[in-house]
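Hello,

I am handing over the structure we talked about. Please look through it first; my notes on what was found follow below.

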Amino acid sequence: DHSMRIAAITLLLGMYSMAHAQNQYDAVWMMGANGRHLGSVEDRDLLYNSMFFDFSRDTIKFQDFRTSPVGRARLREMMISIASVDGELIYYGNGSYLQSAIDTQIMKGGDSLHADNYLIQDYPGAIGYNQLTLILPSTKKEGRFHHFFNDHSRPTEEGVHATKIYHFVIDMEANEGKGEVISRDSIYYGDVLLMGGLTAVRHGNDRDWWIMKKRKFVPEILLFHFSDEEERILDTVIYRDTILYIEGEEDRESEGQFTTGVFSPQGDQFAICDFMYGIRLFDFDRHTGQLSNSRAFDHVFDIYNFNLSQGCAFSSDGSKLYYTDQFHLFQFETDKMDLFDGLDTIAELSELNGVGMREMSLAPDCRIYMANGQFPSVNIIVHPNRDGKACELRPKMPIDYLSHNMCYYPNYRLGTE
(Lines give C-alpha, C1' and ligand atoms only; values in the text may rest on other atoms or scores of the structure.)
Protein backbone atom coordinates (compact mmCIF):
# COMPACT_ATOMS: atom_id res chain seq x y z
CA ASP A 1 0.00 0.00 0.00
CA HIS A 2 1.01 3.67 -0.10
CA SER A 3 2.33 3.77 3.46
CA MET A 4 4.71 0.88 2.81
CA ARG A 5 5.90 2.46 -0.41
CA ILE A 6 6.51 5.81 1.24
CA ALA A 7 8.42 4.13 4.08
CA ALA A 8 10.63 2.23 1.63
CA ILE A 9 11.58 5.35 -0.29
CA THR A 10 11.99 7.42 2.89
CA LEU A 11 14.55 4.96 4.26
CA LEU A 12 16.38 5.06 0.96
CA LEU A 13 16.65 8.82 0.77
CA GLY A 14 18.56 9.13 4.05
CA MET A 15 19.59 12.44 5.56
CA TYR A 16 19.72 15.48 3.33
CA SER A 17 23.31 16.73 3.28
CA MET A 18 24.26 20.12 4.69
CA ALA A 19 25.79 21.02 1.34
CA HIS A 20 22.31 21.05 -0.16
CA ALA A 21 20.53 22.82 2.70
CA GLN A 22 20.55 26.14 0.82
CA ASN A 23 19.04 27.21 -2.48
CA GLN A 24 16.60 24.33 -2.51
CA TYR A 25 14.89 25.40 -5.71
CA ASP A 26 15.08 21.79 -6.92
CA ALA A 27 13.93 20.23 -3.65
CA VAL A 28 10.45 19.27 -4.92
CA TRP A 29 10.09 17.36 -8.15
CA MET A 30 6.60 17.48 -9.56
CA MET A 31 6.30 14.32 -11.61
CA GLY A 32 3.73 14.06 -14.36
CA ALA A 33 0.90 11.57 -14.30
CA ASN A 34 1.54 7.92 -14.87
CA GLY A 35 2.15 8.33 -18.59
CA ARG A 36 -0.33 5.71 -19.75
CA HIS A 37 -1.79 6.87 -23.05
CA LEU A 38 -5.32 5.51 -22.94
CA GLY A 39 -7.92 6.02 -25.62
CA SER A 40 -10.35 8.49 -24.10
CA VAL A 41 -9.92 11.45 -21.85
CA GLU A 42 -12.28 9.82 -19.36
CA ASP A 43 -10.10 6.70 -19.19
CA ARG A 44 -6.96 8.76 -18.73
CA ASP A 45 -8.54 10.79 -15.94
CA LEU A 46 -9.19 7.64 -13.95
CA LEU A 47 -5.47 6.94 -13.76
CA TYR A 48 -4.09 10.43 -13.34
CA ASN A 49 -1.93 10.44 -10.23
CA SER A 50 0.73 13.15 -10.24
CA MET A 51 3.31 12.82 -7.50
CA PHE A 52 5.87 14.86 -5.61
CA PHE A 53 9.43 13.81 -4.90
CA ASP A 54 10.11 15.98 -1.84
CA PHE A 55 13.82 15.95 -1.00
CA SER A 56 13.67 18.81 1.50
CA ARG A 57 11.90 16.63 4.05
CA ASP A 58 13.45 13.26 3.29
CA THR A 59 10.09 11.89 2.28
CA ILE A 60 7.91 11.43 -0.77
CA LYS A 61 4.44 12.88 -0.98
CA PHE A 62 1.65 11.77 -3.23
CA GLN A 63 -0.82 14.26 -4.65
CA ASP A 64 -3.86 13.09 -6.56
CA PHE A 65 -5.22 15.64 -9.04
CA ARG A 66 -8.45 13.82 -9.84
CA THR A 67 -10.35 16.41 -7.82
CA SER A 68 -8.98 19.25 -9.95
CA PRO A 69 -10.12 19.38 -13.59
CA VAL A 70 -7.30 21.80 -14.40
CA GLY A 71 -4.61 19.64 -12.93
CA ARG A 72 -6.16 16.44 -14.15
CA ALA A 73 -6.67 17.49 -17.76
CA ARG A 74 -3.54 19.41 -18.47
CA LEU A 75 -0.65 18.17 -16.41
CA ARG A 76 0.77 14.84 -17.44
CA GLU A 77 4.05 13.52 -18.79
CA MET A 78 6.63 16.31 -19.19
CA MET A 79 6.65 18.39 -16.01
CA ILE A 80 8.79 20.95 -14.26
CA SER A 81 8.40 22.51 -10.85
CA ILE A 82 10.25 25.04 -8.76
CA ALA A 83 10.50 25.46 -5.01
CA SER A 84 11.43 28.42 -2.84
CA VAL A 85 14.95 28.85 -1.52
CA ASP A 86 13.71 27.00 1.58
CA GLY A 87 12.29 24.07 -0.40
CA GLU A 88 8.56 24.96 -0.47
CA LEU A 89 6.82 24.17 -3.77
CA ILE A 90 5.89 27.40 -5.61
CA TYR A 91 4.63 26.55 -9.08
CA TYR A 92 4.76 23.82 -11.67
CA GLY A 93 3.76 23.28 -15.26
CA ASN A 94 4.65 22.04 -18.70
CA GLY A 95 5.05 23.49 -22.17
CA SER A 96 1.47 24.69 -22.39
CA TYR A 97 0.42 25.80 -18.90
CA LEU A 98 1.77 27.00 -15.56
CA GLN A 99 -0.04 26.45 -12.27
CA SER A 100 0.35 27.93 -8.82
CA ALA A 101 1.04 25.49 -6.01
CA ILE A 102 -1.29 27.47 -3.74
CA ASP A 103 -4.58 26.65 -5.46
CA THR A 104 -3.55 24.37 -8.38
CA GLN A 105 -5.19 26.85 -10.75
CA ILE A 106 -3.63 28.12 -13.95
CA MET A 107 -1.38 31.05 -13.12
CA LYS A 108 -2.39 34.51 -14.32
CA GLY A 109 -0.94 34.79 -17.82
CA GLY A 110 0.20 31.17 -17.59
CA ASP A 111 -2.15 29.66 -20.14
CA SER A 112 -1.55 29.04 -23.85
CA LEU A 113 2.21 29.57 -23.48
CA HIS A 114 2.79 28.05 -26.88
CA ALA A 115 1.93 30.32 -29.82
CA ASP A 116 0.71 27.45 -31.98
CA ASN A 117 -2.76 26.19 -31.07
CA TYR A 118 -1.74 22.85 -32.59
CA LEU A 119 0.32 22.05 -29.50
CA ILE A 120 -2.43 23.03 -27.09
CA GLN A 121 -5.14 21.16 -28.96
CA ASP A 122 -3.22 17.99 -29.78
CA TYR A 123 -1.12 17.83 -26.62
CA PRO A 124 -3.37 19.25 -23.85
CA GLY A 125 -1.45 17.34 -21.23
CA ALA A 126 1.95 18.44 -22.54
CA ILE A 127 4.50 16.58 -24.59
CA GLY A 128 6.20 13.45 -23.31
CA TYR A 129 9.75 14.60 -24.04
CA ASN A 130 12.41 15.55 -21.53
CA GLN A 131 14.13 18.91 -21.15
CA LEU A 132 11.75 21.01 -23.20
CA THR A 133 11.46 23.51 -20.35
CA LEU A 134 13.84 25.10 -17.86
CA ILE A 135 13.49 27.40 -14.81
CA LEU A 136 16.21 29.78 -13.60
CA PRO A 137 15.76 31.82 -10.38
CA SER A 138 16.56 35.52 -10.51
CA THR A 139 18.97 37.13 -8.06
CA LYS A 140 17.32 40.54 -8.57
CA LYS A 141 14.19 39.75 -6.59
CA GLU A 142 13.03 36.85 -4.46
CA GLY A 143 10.18 34.99 -6.08
CA ARG A 144 11.15 36.06 -9.59
CA PHE A 145 11.93 33.30 -12.12
CA HIS A 146 12.91 32.95 -15.75
CA HIS A 147 10.98 30.17 -17.44
CA PHE A 148 12.29 28.89 -20.79
CA PHE A 149 10.54 26.54 -23.16
CA ASN A 150 11.37 25.36 -26.66
CA ASP A 151 8.49 24.90 -29.06
CA HIS A 152 7.32 21.76 -30.81
CA SER A 153 6.80 21.77 -34.57
CA ARG A 154 4.01 20.15 -36.45
CA PRO A 155 5.14 16.76 -37.83
CA THR A 156 6.76 17.07 -41.27
CA GLU A 157 8.78 14.88 -43.59
CA GLU A 158 11.77 15.83 -41.43
CA GLY A 159 10.03 14.65 -38.27
CA VAL A 160 9.44 17.07 -35.39
CA HIS A 161 11.81 19.74 -34.18
CA ALA A 162 12.04 23.10 -32.44
CA THR A 163 12.62 26.52 -33.98
CA LYS A 164 12.01 28.85 -31.02
CA ILE A 165 13.04 29.15 -27.40
CA TYR A 166 10.51 31.18 -25.44
CA HIS A 167 11.37 33.22 -22.34
CA PHE A 168 8.77 34.01 -19.67
CA VAL A 169 9.36 36.09 -16.54
CA ILE A 170 7.38 34.85 -13.54
CA ASP A 171 6.69 37.00 -10.46
CA MET A 172 5.40 34.76 -7.69
CA GLU A 173 4.69 37.72 -5.37
CA ALA A 174 2.15 39.10 -7.84
CA ASN A 175 -1.55 38.23 -7.92
CA GLU A 176 -1.83 37.83 -4.15
CA GLY A 177 1.06 35.40 -4.06
CA LYS A 178 -0.41 33.11 -6.70
CA GLY A 179 2.06 34.29 -9.32
CA GLU A 180 1.81 35.95 -12.71
CA VAL A 181 3.58 35.79 -16.05
CA ILE A 182 4.66 39.42 -16.34
CA SER A 183 6.52 39.25 -19.66
CA ARG A 184 7.20 36.90 -22.55
CA ASP A 185 9.53 36.96 -25.51
CA SER A 186 11.85 34.67 -27.50
CA ILE A 187 15.58 34.29 -27.00
CA TYR A 188 16.02 32.30 -30.18
CA TYR A 189 14.26 32.03 -33.50
CA GLY A 190 16.01 30.39 -36.41
CA ASP A 191 17.14 27.07 -37.81
CA VAL A 192 15.72 23.83 -36.49
CA LEU A 193 16.83 22.57 -33.11
CA LEU A 194 16.68 19.10 -31.64
CA MET A 195 13.82 18.36 -29.30
CA GLY A 196 14.76 18.30 -25.64
CA GLY A 197 18.21 18.96 -24.27
CA LEU A 198 17.38 22.46 -23.00
CA THR A 199 19.72 22.86 -20.05
CA ALA A 200 21.82 25.45 -18.26
CA VAL A 201 24.79 26.04 -15.97
CA ARG A 202 25.75 29.07 -13.92
CA HIS A 203 28.23 31.44 -15.60
CA GLY A 204 31.71 31.81 -14.15
CA ASN A 205 30.70 35.22 -12.76
CA ASP A 206 28.28 33.31 -10.48
CA ARG A 207 25.36 35.57 -11.48
CA ASP A 208 24.50 34.83 -15.10
CA TRP A 209 23.75 31.57 -16.89
CA TRP A 210 24.80 29.62 -19.94
CA ILE A 211 21.78 28.10 -21.67
CA MET A 212 22.62 25.26 -24.04
CA LYS A 213 20.80 23.76 -27.00
CA LYS A 214 21.88 21.53 -29.91
CA ARG A 215 20.94 22.25 -33.51
CA LYS A 216 19.41 19.60 -35.74
CA PHE A 217 21.09 18.44 -38.96
CA VAL A 218 24.16 20.54 -38.05
CA PRO A 219 27.04 19.42 -35.75
CA GLU A 220 26.72 22.52 -33.58
CA ILE A 221 25.77 23.40 -30.03
CA LEU A 222 24.44 26.87 -29.22
CA LEU A 223 25.38 28.44 -25.88
CA PHE A 224 23.42 31.54 -24.88
CA HIS A 225 24.90 33.88 -22.26
CA PHE A 226 21.84 34.98 -20.30
CA SER A 227 22.29 38.06 -18.10
CA ASP A 228 20.42 37.86 -14.82
CA GLU A 229 20.68 41.64 -14.30
CA GLU A 230 19.53 42.64 -17.78
CA GLU A 231 17.24 39.65 -18.28
CA ARG A 232 18.34 39.09 -21.84
CA ILE A 233 20.87 37.24 -23.96
CA LEU A 234 24.19 39.08 -24.09
CA ASP A 235 26.07 36.77 -26.42
CA THR A 236 25.82 33.46 -28.24
CA VAL A 237 28.72 31.03 -28.51
CA ILE A 238 28.53 28.46 -31.32
CA TYR A 239 30.49 25.26 -30.77
CA ARG A 240 31.06 23.16 -33.87
CA ASP A 241 32.58 19.69 -33.72
CA THR A 242 32.44 16.81 -36.19
CA ILE A 243 31.98 14.51 -33.21
CA LEU A 244 28.39 15.81 -33.18
CA TYR A 245 27.76 14.85 -36.79
CA ILE A 246 25.28 12.05 -37.32
CA GLU A 247 25.76 10.24 -40.58
CA GLY A 248 22.50 9.92 -42.44
CA GLU A 249 20.61 12.16 -39.98
CA GLU A 250 18.98 14.07 -42.84
CA ASP A 251 17.48 10.83 -44.17
CA ARG A 252 15.88 9.70 -40.93
CA GLU A 253 12.49 11.19 -40.23
CA SER A 254 11.66 10.53 -36.62
CA GLU A 255 14.83 9.20 -35.05
CA GLY A 256 17.64 11.38 -33.75
CA GLN A 257 15.32 14.17 -32.64
CA PHE A 258 15.42 13.98 -28.89
CA THR A 259 18.45 14.92 -26.85
CA THR A 260 19.41 14.90 -23.18
CA GLY A 261 22.10 17.34 -22.07
CA VAL A 262 23.57 17.59 -18.57
CA PHE A 263 26.34 19.54 -16.87
CA SER A 264 28.38 18.08 -14.05
CA PRO A 265 27.51 19.52 -10.61
CA GLN A 266 30.84 21.38 -10.67
CA GLY A 267 29.95 22.91 -14.06
CA ASP A 268 33.25 21.90 -15.66
CA GLN A 269 31.91 19.04 -17.82
CA PHE A 270 29.04 18.63 -20.23
CA ALA A 271 27.51 15.43 -21.62
CA ILE A 272 24.95 15.03 -24.35
CA CYS A 273 23.26 11.84 -25.50
CA ASP A 274 21.08 11.37 -28.54
CA PHE A 275 18.86 8.64 -29.92
CA MET A 276 21.23 8.06 -32.82
CA TYR A 277 24.84 8.67 -31.87
CA GLY A 278 25.18 7.60 -28.26
CA ILE A 279 26.89 9.92 -25.80
CA ARG A 280 29.45 12.73 -26.07
CA LEU A 281 31.49 14.17 -23.20
CA PHE A 282 33.22 17.58 -23.12
CA ASP A 283 35.15 19.79 -20.75
CA PHE A 284 33.52 23.17 -20.21
CA ASP A 285 34.78 26.63 -19.25
CA ARG A 286 32.08 28.53 -17.35
CA HIS A 287 33.81 31.87 -17.97
CA THR A 288 34.16 31.68 -21.75
CA GLY A 289 31.43 29.23 -22.64
CA GLN A 290 33.91 27.08 -24.55
CA LEU A 291 33.59 23.31 -24.91
CA SER A 292 36.75 21.26 -25.43
CA ASN A 293 38.32 17.81 -25.12
CA SER A 294 35.45 16.03 -26.86
CA ARG A 295 35.12 12.27 -26.33
CA ALA A 296 32.62 9.82 -27.76
CA PHE A 297 30.93 6.56 -26.94
CA ASP A 298 29.24 5.54 -30.18
CA HIS A 299 25.96 3.78 -29.75
CA VAL A 300 25.00 1.02 -32.18
CA PHE A 301 21.79 2.30 -33.72
CA ASP A 302 19.38 -0.57 -34.07
CA ILE A 303 15.80 0.58 -34.52
CA TYR A 304 14.63 -3.01 -34.89
CA ASN A 305 15.79 -3.90 -31.39
CA PHE A 306 14.89 -0.42 -30.17
CA ASN A 307 18.06 -0.03 -28.13
CA LEU A 308 18.06 3.76 -28.34
CA SER A 309 19.71 6.32 -26.06
CA GLN A 310 17.55 7.23 -23.09
CA GLY A 311 19.38 9.41 -20.60
CA CYS A 312 22.58 10.37 -18.82
CA ALA A 313 23.63 11.81 -15.46
CA PHE A 314 26.82 12.71 -13.61
CA SER A 315 27.69 11.56 -10.12
CA SER A 316 27.74 14.29 -7.47
CA ASP A 317 31.55 14.50 -7.50
CA GLY A 318 31.70 14.56 -11.32
CA SER A 319 33.98 11.52 -11.47
CA LYS A 320 31.38 9.23 -13.05
CA LEU A 321 29.01 9.57 -15.97
CA TYR A 322 26.04 7.22 -16.32
CA TYR A 323 24.33 6.49 -19.59
CA THR A 324 21.50 4.15 -20.44
CA ASP A 325 19.68 2.70 -23.39
CA GLN A 326 16.74 0.35 -23.27
CA PHE A 327 18.95 -2.61 -22.45
CA HIS A 328 22.05 -1.44 -20.55
CA LEU A 329 23.25 0.91 -17.82
CA PHE A 330 26.82 2.08 -18.43
CA GLN A 331 29.24 3.86 -16.10
CA PHE A 332 32.19 5.92 -17.43
CA GLU A 333 35.16 7.44 -15.63
CA THR A 334 35.19 11.04 -16.77
CA ASP A 335 38.96 11.55 -16.38
CA LYS A 336 39.72 9.05 -19.17
CA MET A 337 40.62 10.40 -22.59
CA ASP A 338 39.07 7.31 -24.14
CA LEU A 339 35.65 6.60 -22.64
CA PHE A 340 36.05 2.91 -23.41
CA ASP A 341 38.99 2.77 -20.96
CA GLY A 342 36.73 3.68 -18.08
CA LEU A 343 33.64 1.79 -19.21
CA ASP A 344 31.74 -0.53 -16.90
CA THR A 345 28.40 -2.17 -17.59
CA ILE A 346 26.40 -1.84 -14.37
CA ALA A 347 23.28 -3.71 -15.45
CA GLU A 348 21.59 -5.37 -18.39
CA LEU A 349 17.88 -5.63 -19.01
CA SER A 350 18.00 -9.42 -18.91
CA GLU A 351 19.32 -9.26 -15.33
CA LEU A 352 16.49 -7.02 -14.10
CA ASN A 353 13.48 -9.10 -15.12
CA GLY A 354 12.50 -6.68 -17.83
CA VAL A 355 12.78 -3.47 -15.78
CA GLY A 356 13.29 -0.57 -18.17
CA MET A 357 16.15 1.92 -17.90
CA ARG A 358 15.06 5.31 -19.21
CA GLU A 359 15.72 8.97 -18.40
CA MET A 360 17.72 9.66 -15.24
CA SER A 361 18.61 12.65 -13.11
CA LEU A 362 20.95 13.45 -10.20
CA ALA A 363 18.83 14.46 -7.20
CA PRO A 364 19.61 16.80 -4.29
CA ASP A 365 20.25 13.78 -2.09
CA CYS A 366 23.19 12.89 -4.40
CA ARG A 367 21.47 9.77 -5.72
CA ILE A 368 20.42 9.23 -9.33
CA TYR A 369 16.75 8.50 -10.03
CA MET A 370 15.81 6.71 -13.22
CA ALA A 371 12.39 6.24 -14.81
CA ASN A 372 11.73 2.77 -16.16
CA GLY A 373 8.57 3.38 -18.17
CA GLN A 374 7.28 -0.15 -17.68
CA PHE A 375 6.25 -0.44 -14.04
CA PRO A 376 4.90 2.04 -11.45
CA SER A 377 8.34 2.41 -9.92
CA VAL A 378 11.74 4.06 -10.28
CA ASN A 379 15.28 2.73 -10.39
CA ILE A 380 17.79 4.35 -8.03
CA ILE A 381 21.59 4.48 -8.17
CA VAL A 382 22.33 4.80 -4.46
CA HIS A 383 26.07 5.58 -4.49
CA PRO A 384 26.87 7.10 -7.90
CA ASN A 385 30.40 8.17 -6.87
CA ARG A 386 31.51 4.57 -6.36
CA ASP A 387 33.23 2.42 -8.98
CA GLY A 388 31.39 -0.27 -10.88
CA LYS A 389 28.55 -2.19 -9.29
CA ALA A 390 29.46 -0.75 -5.89
CA CYS A 391 27.32 2.18 -7.04
CA GLU A 392 24.40 -0.08 -6.03
CA LEU A 393 21.57 0.01 -8.52
CA ARG A 394 18.25 -0.63 -6.82
CA PRO A 395 15.69 -1.39 -9.52
CA LYS A 396 11.95 -1.09 -9.41
CA MET A 397 11.47 0.80 -6.15
CA PRO A 398 7.64 0.86 -5.93
CA ILE A 399 5.85 4.19 -6.28
CA ASP A 400 2.68 5.25 -8.06
CA TYR A 401 4.44 6.73 -11.06
CA LEU A 402 4.86 5.32 -14.53
CA SER A 403 6.62 7.25 -17.27
CA HIS A 404 9.83 7.40 -19.26
CA ASN A 405 10.40 11.03 -18.17
CA MET A 406 12.35 12.46 -15.26
CA CYS A 407 12.79 16.00 -13.88
CA TYR A 408 15.98 17.86 -14.77
CA TYR A 409 17.47 20.85 -12.97
CA PRO A 410 20.71 22.84 -13.21
CA ASN A 411 22.86 23.01 -10.09
CA TYR A 412 21.32 26.07 -8.45
CA ARG A 413 23.92 25.97 -5.67
CA LEU A 414 26.96 26.24 -7.94
CA GLY A 415 28.84 29.45 -7.21
CA THR A 416 26.65 30.33 -4.22
CA GLU A 417 28.00 28.00 -1.53
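A residue is called buried when its relative accessible area is under 20%, exposed when it is over 50%, and partly exposed in between. By that rule E392, with a relative accessible area of 27%, is partly exposed. Please keep in mind that this is a predicted model.

Salt bridges

E392 has a charged partner, R394, and the closest N and O atoms of this salt bridge are 2.6 Å apart. R394 is also partly exposed, because its relative accessibility is 31%. Salt bridges that share partners also join three other residues, K141, D171 and E173, into one network. In total the structure holds 13 salt bridges.

How far apart are the closest N and O atoms in the salt bridge of K141 with D171? They are 3.0 Å apart. This pair links distant parts of the chain, since K141 is in the loop between β7 (133-137) and β8 while D171 is in strand β9, 30 residues apart. The side chain of K141 also meets that of E173 in a salt bridge, at 4.0 Å from N to O. Here too distant parts of the chain are linked: E173 sits in the loop between β9 and β10 (180-193), and 32 residues separate E173 and K141.

Are K141 and D171 buried, exposed or partly exposed? K141 counts as partly exposed, because its relative accessibility is 31%. D171 has a relative accessible area of 9%, so D171 is buried.

Strands β8 and β9

Strand β9, where D171 lies, covers residues 162-171, and nine of its 10 residues are buried. Its pairing with strand β8 (residues 144-150) is antiparallel and runs over seven bridges. Within this pairing, F149 stands opposite Y166 in β9.

The sheet of four strands

Which strands make up the open sheet of four, and in what order? The order is β12-β13-β14-β15, and the pairing is antiparallel. The edges are taken by β12 (199-202) and β15 (232-240); each has a single partner strand, so one side of each is left without a neighbour in the sheet. From one strand to the next, the twist averages 25 degrees.

In the case of β14 (residues 220-227) and β15, the two run antiparallel and are joined by eight bridges. One of the facing pairs is E220 with R240, the latter being its bridge partner in β15.

S227

S227 lies in strand β14. S227 counts as buried because its relative accessibility is 3%. A polar atom of the S227 side chain lies 3.0 Å from the backbone nitrogen of E230. Which residues does S227 contact, leaving aside its neighbours within four places in sequence? They are D208, R232 and L234.

From D171 you can follow strand β9 to its antiparallel partner β8.

Regards

Definitions and conventions: Residues are numbered from 1 along each chain as its sequence is written. This is a predicted model: local features need pLDDT of at least 70, side-chain atom pairs count only at pLDDT 80 or more; totals for chains, interfaces and linings use all residues. Side-chain values use heavy atoms; hydrogens and water are left out. Buried means under 20% relative accessible area, exposed over 50%, partly exposed in between (1.4 Å probe, protein chains only). Two strands pair if DSSP finds at least two bridges between them. Axes are lines fitted to C-alpha atoms, for helices over the stretch in contact, and angles run from 0 to 180 degrees between N-to-C directions. A polar contact is a pair of N or O atoms within 3.5 Å; within protein, one must be able to donate a hydrogen and the other to accept it, and residues adjacent in sequence count only if both atoms are side-chain atoms. Contact means heavy atoms within 4.5 Å.
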